[in-house]
Amino acid sequence: MADGADRGGPAASSRAGAQAPERAMWCDERFDFQTTFLQCLAKHVPNIYSAEMDPLVEKQEEMVQAAILYPLECYLFGEDPDVFLEKLKQSRTSQLCGKVFKGGETTYSCRDCAVDPTCVLCIDCFQNSIHKNHRYKMHSSTGGGFCDCGDTEAWKAGPVCTKHAPGASNSPKENSECQLNEEIMEHSRRVFPSVIKYIVDMLIWEEENELPVELTIREKADSYYCVLFNDEHHSYDHVIYSLQRALGCELGEAQLHTTAIDKEGRRAVKAGHYAACQEAKEEIKRHSENVSQRPLHVEVLHADVMAHQKFALRLGSWLNKLMSYSSDFRQIFCQICLKEEAGSEKPCFISKLMLWDARLHKGARKVLHELIFSSFFMEMEYKKLFAVEFVKYYKALQKEYISDDHDRVFSVTALSVQMFTVPTLARHLIEEQNVITTITETLLEVLPEYLDKNDKFNFQGYSQDKLSRVYAVIFDLRYVLVSKPTVWTDRLRERFLEGFVSFLRILTCMQGMEEIKRQIGQHIEVDPDWDAAIAIQMQLKNILLMFQEWCACDEELLLRSYRECHKAVMRCSSNGRSREKTVFHLCGHTLESRPYRVSADPVSIHLPLSRTLAGLHVRLSKTGAISRLHEFVSPEEFQVELLVEYPLRCLVLVAQVAAEMWRRNGLSLISQVFYYQDVKCREEMYDKDIIMLQIGASLMDPNQFLLLILQRYELADAFKKIKPTKDQDLIKQYNVLIEEMLQILIYVVGERYVPGISNVTKEDVIMREIIHLLCIEPMAHSAITKSLPENENNETGLENVIDKVATFKKPGVSGHGVYELKDECLKEFNMFFYHYTKTQHSKAEHTQKKRRKQENRDEALPPPPPPDFSPAFSNVVRILNCDVMMHILRTLLQRAVELETHLWTEAMVQMVLHLLSLGLLEEKQQLQKCPEEEVTFDFYHKATRMGSSALNAVNVLMLVEKLKRVPQLDSQKDTVNWILQMFDMVKRLREKSSLATVGAASGSEAAKGDESTQDKEKAERKRKAEAARLHRQKIMAQMSALQRNFIETHKLLYENTLESQGKGDAIMEEESISSAIDYSRIALGPKRGPSVVEKEILTCILCQEEQEVKLESAAMVLSACVQKSTALTQNRSRILELSGDTLDPLFMHPDLPCGTHTGSCGHVMHAACWQKYFEAMQLNFRQRLHVEQIFDLENGEYLCPLCKSLCNTVIPIVPLQAQKINSEDAEAVAQILSLARWLEIVTARISGYSVKNAKGEKQNFPPFTNKGTGNSALEFHSILSFGVQSSAKYSSSLKEMLILFATTIYRVGLKVAPNEADSRIPMMTWSTCAFTIQCIENLLETEGKPLFGSLQNRQHSGLKALVQFAAAQRTTSPQVLIQKHLIRLLGVLLPNFKGEDTPSLLEVDMFHILVGAVLSFPSLYWEDAVDLQPSSVSSAYNHLYLFHLTTLAHIMQIVISSATESPTAHSSDSSEEAQSAQSFCREVCQYTSGCFSQDIPGWLVWDCVKKGIMPYLRCAALFFHYLLGVSPPEELLQVSEEGQFKALCSYLSLPTNLFLLFHEYRDTVNPLLQRWCADPVVLSCLKGKTIAIRYPRKRNHLIELPEDYSCLLNQASQFRCPRSSDDEQKHPVLCLFCGAMLCSQNTCCQELVNGEELGACTSHALQCGAGVCMFLKIRECKVVLIEGKTRGCVYPAPYLDEYGETDPGLKRGNPLHLCQERYRKLHLLWQQHCIIEEIARSQETNQIIFGFNWQLL
Ligand SMILES: [Zn+2]
Ligand SMILES: [Zn+2]
Ligand SMILES: [Zn+2]
Ligand SMILES: [Zn+2]
Ligand SMILES: [Zn+2]
Ligand SMILES: [Zn+2]
Ligand SMILES: [Zn+2]
């Protein structure tokens, strides 16, 4: 809520003019303030807020200030309020920040210092706190919380940021707490009660058309409003629909109403007489009920009521403002709010409001909650008092909330977290208000509707929404318990225990809830709801753990709560006792028990009471209090069998599900079993059940215990000598059950990593979990975190231990970092780790065996020695060596040895071996610790003893030995060997100690012998490993030698392939360079080297047929994508034309604002094959509408059939025409064809055309100036005399493709409808050719790669095809047209013809002119009768002179643009180049009549030219190379600054001293120079009036991003939407091209483009990236790529946490830092023009994206 008008604005000025009488009246002590105040309100409020339907908010505010607030403040402060408040504001120093978060704002928590994760900082406080350098977390607020800066109880360290620290403010210390003077205090005590009472009265006012009498002063008018209220039940569309129908209003108006209702909570939708409003109300209700079963909440309110309620809220925010200035105001406010009327039972003001909260509309609630935040929560003392009130009405409030229809953020109950998590407050509330009991009782009172006839919960058919509201209560319990008290008072102990007992009552309702029964025969019809019960278990997990921790704080408390819990368990276990006990015998032992079968009787997996008891039991053991247990629970009461019973049933259920016995019970059960063992629940489910079995095993007779297990697993018969059934299914079932049971036995004996069960710490436990996770495979940090249980603070403890067990491996450019287990931890691996799922188990086993194999070790994976049981559990091991266990082991081994294949499985034997290992390890450990006679654990003895009967005449050891011969168990051989060795070792230990009494010597001898055999084995293994290693080394050496030779002989080839590896399907680049070594490497002029052409045989990717590319055969094409691009732009602020209807693309502006890029994925097809493919796809997709969005068939888009890149056309492949110059001819021509002469000939030719055409048609050509064309002897045909040849003949299919591709370039590049006859088609061809070369040159430069030989194959073949195409395209257009274009181009370069539209030298890109002129020049050879083109020699000269002319012009451009450069250093460079430059400058100075300063030193000019001309020369070299096929000099295959320049000059026939060109062509050039210098644009630039572009142009990069992501979040938090001023949450998005921050996905910033509404990003992209753009969504930490209006995709942001992982959506919230490599990858994606491709690929794979409306981004 904004706090009203700005001070100093128009409101302030009108305030001064407030009516004097009122001020006087209040000041007058004779008047009662309350009465006067109300009179004033009664008089003004209805008038001010009269126009509710269409309020003039500013006007209202002005009037309120003038009539009410200003006089009120004057009275209150006794001086000018503005002055006073300013003073107060200056002096305010609260130590608390108290900033209230809006939804979506980023909050920060410190994992090192926050007391619990609910303690958060706002971004300002965080940036100024010490936590900035700690392990912090960032999260998005759901709204409603507030900044805890300054709260000493919230932070273990650094509770205050530097901004809020005392004494940090700039005001001097003594002035820091500006005490209000007594008079003001006195006045406040008089004013506040009236104000507060008025607010409370009006907010809870229920009469629709009456006001309190005090406020009724005038005749009631018949003026009413029909008011619509917000709820969470009806959607936006529902409301809009209902309003339109009921009120007959326009869509726009209905939308306006709906938005306001959602924001404010209510809104008047109709004004009028009572009857009319009443009618509207009924209509709205009726219509809304039709669409959503429930009517909307509508009321008819009297205008005056509405007005006063509105003003009450305004007063609320007024109070808010006052309180933010002064602690005194806050205290007075709180006192008044808490004051109870003497002798009255009525709640105080604040409680009244709280109780009314659920009935208030959203806007009112917001004001109320803000009032509470700014008053009570800012004063610790009063926070406590408020909390007491809150708890007093807790039940009522929660019940209101549960039946409320607003989200929790808008409920006063959401404030609980602010109080309950404060440790001292929580303790106070427990002690004084019994808050634990209050909460649990609330739960008990709201949950009964879910109780069944047995008083157990049953959530079948529950309402998700309602139940999630109940969770809020459960969460409160969690908040109260989150910090364990350090000091216990008797009262606290009693209250806690009371709460615990009350909590046990809830658990009692859960113990055994939702029982299930095995379905036999029929499959169940409907899967029962299971998620509610599991969700409650998840919610309760940490609460249960915290209760146990609290209980364990104190021995007395622990024992007493144990007793209570035990009692509760017993009460729940009493049923089913009615059955008669039965007796079960096995190998001489008997078990008496009541019959129960999991497979037939009901069973439940919900046993929180038993599990709590198990938890308390291990804590008893840990603290040692267990020795006193008998004082609290007598042994007779204890009944361990009964305690074990239910958890055991649960485990049996899991086994039976695994055995597929519960198939017919459907998925619901599978899910429950999954969660039972899943990390989210297992601590308080599965783990505790195992503990309970361990408790049973430690307290029961071992044989009895095992008999009970056998019986519950329904396996009693399986171990008797009865001939088993023949039913295969049943046998399989038995086998699975046996495996499951053996596994549980392994866990009972072997799983000791629980503090209390053995002497391990929590760290040990976590380390063991991590070790076992990493034994499966290396894992990312987040994957490990997800697999570990979180504690109440959402911490796993991972970071504290991870470095002890694992090493971090950094990620590459994609993927994420992983942790790898340290080698020394491998020995901890336990194959039967109880948290492994079946898949994890087999994966881990596989990985570990593989690893051992690689290390040349045996594959035995015996259990690691477990830690010793603590005394209370030491008896558990007895089950290993008891008779029943021996019987089980023997029976199973026997079956394996006897090869009764169907009765055993390998897994079973593996488990038997594991149990044997555990027994032997136990005995070994005991023997090593104590003297032999004290060791009663006799596993060895039992295992080597014969069975009693004849049938059992083999002992376990013998059976194990026999296993070696079982072929099916080959893979277990190593384990068997290990066990046999262990038998041996234990035997020796036994003998050793018995011998030790006889003679110590022999004992050690034996041990030595033992060792020496082991040593021998070790040595042998080592030898083998060493041999293997040497062998590998030898092979590697041989291979690398081979490789070296290969590289040597094929050096060039190899270097080229390195770049193009993995793209083997395209042609190798520069295939012929090596063979052309001897030829001249000059591309232009008489010394031109030969074209290196090889036969090109390509394979069509569609029909797989090979074909040689020839002019006359059917065309082959390359898939290609043409797109507009701003990648090279020098000026992003230039407005791009969205449609090119009137654009003339012949000249490119030197800013390169927007070009047309042609790229290819390099895949070749027959033109015919491609056409068939394209048509088939069109047909196919016409039938499937939704696919439209991937690609736009209308615009020729398709996916490359091979690599799925997005393409929109094909480039025809035109073979290069080999040309070779006859050197004699060339010499001869050189004698006569100077530049001057060449110019004359060209001019003659052109004027000849002009004359010729003038005869018949209109004048086609611009008039010539006759300068320089004096030699009239030269006639029209003389150009032909230097050599001509006939034009190439193209096959018709090639021609067709030439036209098709040229038309696509034209259509896409100009965004116009295709038109094959348009005169601009050739221009666009040259333009894309030039632009694409410039892009590639730019890319090679930024990547630091050599100009030649380093292109990717696709780039190489694409460019080659493009240049050849561009040369051939001319033949498909009318030659007159080409000539016309050529003449316009030459107009820039030549002195003698200049057209009207010839641009200034500084307004064109020279490279574009070069490409256009070279490609169009052959059109001058056109004759009516014959199709001619220049011969090789002629074109060599044409190219040379055209190139020299453009180069001259470009040098001129560079010199002019660098004229304003001032020398930064002095250099005495007097090289030849510098001198030439100097003399050139003098000349220019002359021609510009001094505008060009002569003072610029020559060396500086030369420096500028040399640097500035590089990109142009590089582009030209690329262009001529791809045009002519002349091999470039070696130096251009490497990266070298100096060598490169020389090589370029030599390749392009330039003198290295470029100024010599001017000298050489002096006579021709001078007139040209004069013309250029006289150009007004040039002069204005030289005079500094305009700025010309500098060369070399700047290379574009993505904007610089901060290293720390929170800097970006900070920027985002300060972001204000440029178009709207409301405080709504915005989605700031950063354009990575230009750095603009945009307001995305919001109607406020939508833009109307061509009649379509486009979102801020989409419309920005049209300008910034010609439709293709890259954004960073800051709050979500995601990169978004978009193209056009319909396409886009999400890409990971280049920010990684310290574990090398990205965090889209900031879900994990770890600190993030910029990863340069990844950002570079994004940069390349842009510069390589692969964004569209990336989008298409991503849309292919994630089809979900379709739902998103990219247009509105
Ligand atoms: Zn703050
Ligand atoms: Zn702060
Ligand atoms: Zn910290
Ligand atoms: Zn084909
Ligand atoms: Zn492809
Ligand atoms: Zn931009
Ligand atoms: Zn906006």
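Two strands pair if DSSP finds at least two bridges between them. Helices (H or I, at least four residues) and strands (E, at least two) are themselves DSSP runs, numbered from the N terminus.

## Basis of the model

This is a predicted model, in which local features need pLDDT of at least 70 and side-chain atom pairs count only at pLDDT 80 or more, while totals for chains, interfaces and linings use all residues. Residues are numbered from 1 along each chain as its sequence is written, chains are lettered from A and ligands numbered from 1 in the order in which they are written, and side-chain values use heavy atoms, with hydrogens and water left out.

Strand E23 (residues 1668-1673) pairs with E24 in the antiparallel sense, over 6 bridges. Within this pairing, phenylalanine 1671 is opposite valine 1680 of E24. The two strands make a hairpin with 4 residues between them, and cysteine 1677 in the turn has a positive phi of about 55 degrees.

On to the next strand. E24 also pairs with strand E25 (residues 1687-1692), again antiparallel and over 6 bridges. Here leucine 1681 is opposite cysteine 1689 of E25. This hairpin has 3 residues between its strands, and glycine 1684 in the turn has a positive phi of about 60 degrees. Of the 6 residues of E24 (residues 1678-1683), 5 are buried, so the strand is largely enclosed by the rest of the structure. Buried means under 20% relative accessible area, exposed over 50%, and partly exposed in between (1.4 Å probe, protein chains only).

## Zinc ion (ligand 3)

Cys110 (SG), Cys113 (SG), His131 (ND1) and His134 (ND1) coordinate the zinc ion (ligand 3) at 2.0 to 2.3 Å. Donors are N, O and S atoms within 2.8 Å of the metal (3.2 Å for Na, K and Ca); water is not among the atoms, so sites may look incomplete. The angles subtended by the 4 donor atoms run from 98 to 117 degrees, which makes the arrangement tetrahedral. Four donors count as tetrahedral if all angles lie between 85 and 135 degrees.

The spacing of the donor residues in sequence is C-x2-C-x17-H-x2-H. Cysteine 110 lies in strand E1 (residues 106-110) and histidine 134 in the loop between helix H6 (123-127) and strand E2 (136-140), so the pair ties together parts 24 residues apart in sequence. Cysteine 110 is buried at 2% relative accessibility, whereas histidine 134 is partly exposed at 25%.

## Zinc ion (ligand 5)

The zinc ion (ligand 5) has Cys1161 (SG), His1163 (ND1), Cys1200 (SG) and Cys1203 (SG) as its protein donors, 1.9 to 2.3 Å away. Its 4 donor atoms subtend angles of 103 to 112 degrees, so this arrangement is tetrahedral.

In sequence these donor residues follow the spacing C-x1-H-x36-C-x2-C. Cysteine 1161 in strand E13 (residues 1155-1166) and cysteine 1203 in the loop between strand E14 (1198-1199) and strand E15 (1206-1207) link distant parts of the chain, 42 residues apart. Cysteine 1161 is buried, at 9% relative accessibility; cysteine 1203 is partly exposed, at 26%.

## Phenylalanine 1558

Phenylalanine 1558 is in helix H55 (residues 1556-1560) and is buried, with a relative accessible area of 6%. Leaving aside residues up to four places away in sequence, phenylalanine 1558 touches Leu1448, Ile1451, Phe1480, Val1565 and Leu1569. Contact means heavy atoms within 4.5 Å. The C-alpha atoms of phenylalanine 1558 and leucine 1448 are 7.3 Å apart, although the two are separated by 110 residues along the chain.

Note on methods
Tetrahedral: all angles 85-135°; square planar, octahedral: opposite > 155°, others 65-115°.
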